[in-house]
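Work through the exercises below with the structure in view. Each task is followed by a solution in steps.

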There are 2 protein chains.
Amino acid sequence: MHNIRLTIGYDGTAYHGFQTQPGGPTIQAALVKAIEEITGERAVVYGSGRTDAGVHARGQVVNFATASKLPPDRLCRALNARLPHDIVVWEAAEAPPDFHARKSAVRKTYCYTVNGNRYPDPAAQHTELHHPGPLDVAAMRKALQYLVGEHDFTSFCSAKAQTESKVRHLYEARLEHAPVPGMETAPGCGRLFFFYTGNGFLYNMVRIMTGTVLAVGEGRLDADDIPGILAGKDRTLAGPTAAAHGLTLWRVEYE
Amino acid sequence: MHNIRLTIGYDGTAYHGFQTQPGGPTIQAALVKAIEEITGERAVVYGSGRTDAGVHARGQVVNFATASKLPPDRLCRALNARLPHDIVVWEAAEAPPDFHARKSAVRKTYCYTVNGNRYPDPAAQHTELHHPGPLDVAAMRKALQYLVGEHDFTSFCSAKAQTESKVRHLYEARLEHAPVPGMETAPGCGRLFFFYTGNGFLYNMVRIMTGTVLAVGEGRLDADDIPGILAGKDRTLAGPTAAAHGLTLWRVEYE
């Protein structure tokens with residue numbers, strides 16, 4: 001058997017999340033179907049992690065075992081020919097037998113995109129949060145720095161989550177505030193990109209961190225409130241869960 | 001009567017272009033309908049220029065006369081509440097009586113976006129041309145410089161065009177090749193942005209210039225061929241017309 005690793009991207013708008021479940025199309029089901037059409041095998045596809053309904057990905061990694069001898073590069077082209085237009089396989093490669101997309105992951109990065117202009121951008125309605133009004137970028141950057149490090153993120157985790165340990169290490173939390181060169185000359189181009197890199201993320205953690213940092217940006221919370229919110233280990237202390245459609249799983253790293 | 005100037009943006013994917021015509025939805029028709037719902041008047045809406053089916057806009061400017069006394073800022077909000085989600089009014093203002101969106105325009109800028117990665121980006125399928133394969137950026141920049149200046153652009157104009165003079169002044173033709181900071185860390189983020197600024201553009205001119213410059217980037221044409229193509233005044237000498245969906249009307253400037 002060959003252990004195939006795929007790096008995939010998707011626009012999650014039309015999907016009920018990554019993981020196969022009853023009631024709607026999923027990224028995983030689309031991959032299983034395309035792999036079956038090519039190899040004749042019904043593979044088990046492991047993802048580096050779930051993404052919620054409406055969440056996007058650029059660097060999602062999955063793996064599956066197959067008896068097919070198709071070279072990875074041809075498999076990649078064959079998959080792209082069969083997958084819907086909103087899912088793309090950037091790369092396919094043969095991985096060592098013990099590679100597992102979720103268990104082998106050591107770092108993940110998410111990007112949350114916020115459009116702070118008064119009116120939404122018609123070209124990016126499904127891939128960014130429209131959040132009009134002034135935001136204090138310096139205060140948000142200060143808030144993000146409090147989140148960096150190893151913490152119990154219970155306050156930044158959906159109360160529904162059943163994970164045993166809520167301790168995670170956030171290596172970096174960065175706010176970029178720059179359009180592509182020349183882009184500032186047209187309306188609606190200003191964007192905020194929140195990049196979070198960590199050893200793992202709890203359920204809704206990126207969306208709750210972003211919702212809380214946006215509350216700091218609006219002045220509804222103070223950046224210096226963050227240590228207390230972390231220490232309180234209580235979801236109700238943090239800000240709201242930012243909408244799914246602004247979130248993109250950016251990159252997954254392995255040893 | 002008040003002469004109202006709107007700066008608008010749209011995702012042109014679902015439209016048969018800017019200008020009202022039989023057979024499909026247009027931006028102009030959507031604006032006329034929304035204005036009528038608010039003011040009760042069937043206004044004549046002038047655009048700075050047409051955009052073809054599938055072409056987008058960020059800084060399109062339109063104007064119309066109305067007897068309505070609604071302050072422009074309230075009109076702007078009312079229009080956005082009624083327009084479809086893929087059309088947005090960034091700004092509304094009262095203009096002098098002699099302001100005309102097309103006749104008063106002195107400079108226009110278009111942006112053509114090219115994704116040169118091997119596979120398309122699922123998040124931007126409708127707003128950029130997927131054009132895989134290596135492109136020689138230096139050669140394309142050289143080709144663009146030959147286009148700058150006052151020229152007869154007959155070779156870069158649809159043979160269907162019925163304009164009398166094909167002389168236009170291209171002030172700037174610029175190729176940006178930079179992702180947003182941090183963006184280069186995820187797959188599929190590399191982009192080429194071609195910005196063209198001129199006193200006016202012929203039918204399909206930006207798309208033919210871009211198709212020709214891409215042919216230079218691929219090595220099918222030489223940058224030094226451009227002066228001869230211009231001098232030949234023959235559409236068949238230039239490269240192909242690049243697809244509509246990569247094009248965005250970026251900005252329109254007035255005195």
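Domain bounds come from an automatic or database domain assignment. This is a predicted model, in which local features need pLDDT of at least 70 and side-chain atom pairs count only at pLDDT 80 or more, while totals for chains, interfaces and linings use all residues. Residues are numbered from 1 along each chain as its sequence is written, and chains are lettered from A and ligands numbered from 1 in the order in which they are written.

**Exercise 1.** State which domains chain A has and how they meet.

Step 1. Chain A is assigned domain 1 (2-95) and domain 2 (106-254).
Step 2. Taken over C-alpha atoms, the centres of these two domains of chain A are 27 Å apart.
Step 3. Contact requires that the C-beta atoms of two residues, placed from the backbone, lie within 7 Å. In chain A, 14 residues of domain 1 touch 11 residues of domain 2.
Step 4. On the domain 1 side there are 4 nonpolar, 7 polar and 3 charged residues. Ala, Val, Leu, Ile, Met, Phe, Trp, Tyr, Cys and Pro count as nonpolar, Asp, Glu, Lys and Arg as charged, and the others, Gly among them, as polar.

**Exercise 2.** Describe how chain B is related to chain A.

Step 1. Superpose by least squares on the C-alpha atoms of residues with pLDDT of at least 70 in both copies.

**Exercise 3.** Describe the contact between chain B and chain A.

Step 1. Chain B gives 34 residues and chain A gives 34 residues.
Step 2. The chain B side divides into 16 nonpolar, 11 polar and 7 charged residues.
Step 3. The copies meet through the same surface, because 100% of the interface residues of chain B are also interface residues in chain A.
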